[in-house]
Amino acid sequence: MRYTHAACAMLCAVVLATSASAQTHTLATDVADIIAKEAVAACSAQGVKATVKVVYAANTQKAVARAEGSTPLGLDFAQAKINTVILTGQPSGGPGAPQTVKGANPKVMVFTGVVGVDGANGKLIYGISAGGAVPIKIGDEMIGVVGVSGAPSPGTDIACAQAGLAKVADRLK
């Protein structure tokens, strides 16, 4: 039980520290739109029907792009990956590969993740440990996050996110 309280305290500290830091750069809407569209194009080139969401550092939506035929769950999944980056400051993913829950519905997937407290809005923020979301940075400052969902592997989602960022690299300086 003590471990759980310590982990919650650390996450709360991360959320509070993130919201307290002064932002000196912003994520322009046209840049967010390019990132989202390029990430979808990169996934489409590999036959993946992806959903991409871009948020600025306050976790507010800036752009969304979806491939024709992408799943409705993709947007929620991309947001859960984004939340992990917002809470930790690190790309989503890591240990905690999804597991299938045995029982009445063997198709239910369970992911490990993180939970943080957004004290300003009185909400819990849930993130999952699945690769596909990466921070958007200018120098060391995180100005946003791009999250991709839809590929059969986290590595492909990450590659698509990175392709979106590569397209605007000259504008993130």
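**A chat about the fold**

Author: Of the 173 residues in the protein chain, 40% are buried (under 20% relative accessible area with a 1.4 Å probe, protein chains only; exposed is over 50%, and partly exposed lies in between). This is a predicted model, where local features need pLDDT of at least 70 and side-chain atom pairs count only at pLDDT 80 or more, while totals for chains, interfaces and linings use all residues. Residues are numbered from 1 along each chain as its sequence is written, and side-chain values use heavy atoms, with hydrogens and water left out.

Reader: What's the average pLDDT of the protein chain?

Author: The average is 85, and 79% of the residues score at least 70. That score is the predictor's confidence in each residue, from 0 to 100.

Reader: How do E1 and E2 run, and how many bridges join them?

Author: Strand E1 (residues 51–56) and strand E2 (residues 60–66) run antiparallel, joined by six bridges. Strands pair if DSSP finds at least two bridges between them. Threonine 51, for one, has arginine 66 in E2 as its bridge partner. The two strands form a hairpin with three residues between them, and asparagine 59 in the turn has a positive phi of about 65°.

Reader: What does asparagine 83 touch?

Author: Leaving out residues up to four places away in sequence, Asn83 touches Asn59, Ile125, Tyr126 and Gly127.

Reader: Is asparagine 83 buried or exposed?

Author: Buried, because its relative accessibility is 9%.

Reader: Changing topic: how many disulfides?

Author: One, counting a pair of cysteine sulfur atoms within 2.5 Å. Cysteine 43 and cysteine 160 form it, with their sulfur atoms 2.1 Å apart. The pair links distant parts of the chain: cysteine 43 is in helix H2 (residues 29–44) and cysteine 160 in helix H4 (residues 154–167), 117 residues apart.

Reader: Why is the disulfide right-handed?

Author: Because the torsion about the S-S bond of cysteine 43 and cysteine 160 is about 120°.

Reader: And are those two cysteines buried or exposed?

Author: Cysteine 43 is buried, with a relative accessible area of 0%. Cysteine 160 counts as buried too, at 0% relative accessibility.

Reader: Last one: where is isoleucine 136, and what does it touch?

Author: Isoleucine 136 is in strand E7 (residues 133–138), and at 0% relative accessibility this residue counts as buried. Beyond four places in sequence, its contacts include Leu27, Ile35, Val54, Val146, Leu165 and Leu172. Isoleucine 136 and alanine 161 are 25 residues apart in sequence, with 9.9 Å from C-alpha to C-alpha.

How values were computed: Helix = DSSP H or I, 4+ residues; strand = E, 2+ residues; numbered from the N terminus. Contact = heavy atoms within 4.5 Å.
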